[in-house]
Amino acid sequence: MYPADYRYTKQHEWVKVDGPTGTVGITHYAQQELGDVVFVDMPKPGTKVKLGASFGTVESVKAVSEIFSPVSGEVLETNSLLSDAPEKINADPHVTAWLIKIKLDDPKEAAGLMDAAAYQAYVEQAAKDH
Amino acid sequence: MTTPGIAEIRKTALNAVHRRSNARMVNFGGWDMPLEYSGILAEHQAVRTRAGLFDVSHMGEIEITGPGAHSLVQWVSCNNAAKLIDGQIQYSGLMTSRGTFVDDLLVHQISGTHYMLCVNAGNQDADFEHIVANNKFDAKVSNAGPRYSQLAVQGPRAAEILQKLTRTPLAPIRYYYFVFGQVSGVDCLIARTGYTGEDGFEIYFAPEYSEKLWDDLMSAGVPLGMIPAGLGARNTLRLEAGMCLYGHEIDDTTTPWEAGLAWICKMEKAPFLGSEVLAAQKQNGLPRKLVGFEMLDKRIGRDGYPVDVNGQEVGRVTSGCPSPSLKKNIGMAYVPPAATAIGTDLQIDIRGQKAAARIIAMPFYKRPQ
């Protein structure tokens, strides 16, 4: 379910690190919690983002949710697919429906986040507490 | 051990069915209720085009009986129950002495000495106490919520689905009328009402038959495209239909005039609770009025967001959502009477950014006749 080469936050974002670049999205668990996504508001390329700070919002029919950056750096690109088809976040949150690509300040920063096994255990606990 | 002061969450007789159906559950007015099953958009579309089945057993029922029943209903509510005939239903407001809403409700006239009120889940105990406190007519008032389950079958195919399970002819039941009949062999009050803007029925029956009726309705409805629907779709459906939700458009600070509900506030039957304040407000003018708006922005103006006109904050959004039927974002807000004209430009403060919106006529959605 959760790709083994990604890292995960407690707020249900993921980051995939490829050398100097990080790709960021929200997890399957997050999209399930949100329900039908209808709008995504992302920062422009060039914007600085910081580990743990809000950088945008994902809006579903029932609620709006802030998205917190799993890493620090500068936004390189936002996913243009989502401006016309935000519902792709529900269908494919881990691959095609990524949110932003970031030029990382420190490629090692993401190592401090949960790995897939730890995140899987974390969401199973969250589901039990629900 | 239960913690004193924290109320136990309440469950309808269908709680296990919802959990088996993988519903996403939510605490709504102290009740553990299904928010969505397959997804709000899919459920919304099903109700608009085919049918949806809602467990609305959390809704409260209050029965008023005896020779003073009619007078008590007339005294505590703002619509005119004298216009009702037996078997007819009226949308009304339960009024405070200030002419504001204790609750909104459906008044079912079983006879001139027997009324069944359907009230909001979160308000039922307060409603009951309020009616008892104002019972100067020696009527018998009973808080009957635990005696009823309620299911709503809503959508253009609702009548066809329900008719499969009852010998009672449904076609002659007009909108806002009810009959007593059997559904699947279970005694029911069958009302042609709903909170979706579609045709449909709400049936009331003894809770022990809840799972049977749910299962039988699903068996009858699924082949016709019916799916279970939760509170999420109920909210987008009622908002498209321009219907008020207690705690959002109406509460104990809003009057029927302000909420655009003059059609349920009948001054000719005065005096009733709050009628003097309502007469004065009608004469002196309103501080605010409810309007409908569409967003001219991709974002959604949600409950509580500030509303500006010409750069001045003038009110607040009461409800907002994407409209699946109209493919735009809609909402309702309170603004001063001078700013209520159709076409008025609004700016809605969405987390610190101003988003353009425009006042449009309600209801946003009307079902094809």
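So, pLDDT is the predictor's confidence in each residue, on a scale from 0 to 100. Keep that in mind, since what you see is a predicted model, where local features need pLDDT of at least 70, side-chain atom pairs count only at pLDDT 80 or more, and totals for chains, interfaces and linings use all residues. Residues are numbered from 1 along each chain as its sequence is written, and chains are lettered from A and ligands numbered from 1 in the order in which they are written.

Chain B has a mean pLDDT of 96, with 98% of its residues at 70 or more. For the complex, the predictor gives an ipTM of 0.89 and a pTM of 0.95.

Now chain A. There are four helices and nine strands; those are DSSP runs numbered from the N terminus, with helices being H or I of at least four residues and strands E of at least two. From the N terminus the order is β-β-β-α-β-β-β-β-β-α-α-β-α. The C-alpha trace spans about 35 × 35 × 20 Å along its principal axes. Of the 130 residues, 41% are buried, meaning 20 or more other C-beta atoms, placed from the backbone, lie within 10 Å of the residue's own.

How many residues of chain A are in contact with chain B? Nine, and they meet twelve residues of chain B; contact here is C-beta atoms, placed from the backbone, within 7 Å. Strand E4 of chain A, residues 37-41, supplies the largest share of that side, three residues.

Methods. A residue is buried if 20 or more other C-beta atoms lie within 10 Å of its own, exposed if 12 or fewer, and partly exposed in between; C-beta atoms are placed from the backbone. Two residues are in contact if their C-beta atoms, placed from the backbone, lie within 7 Å.
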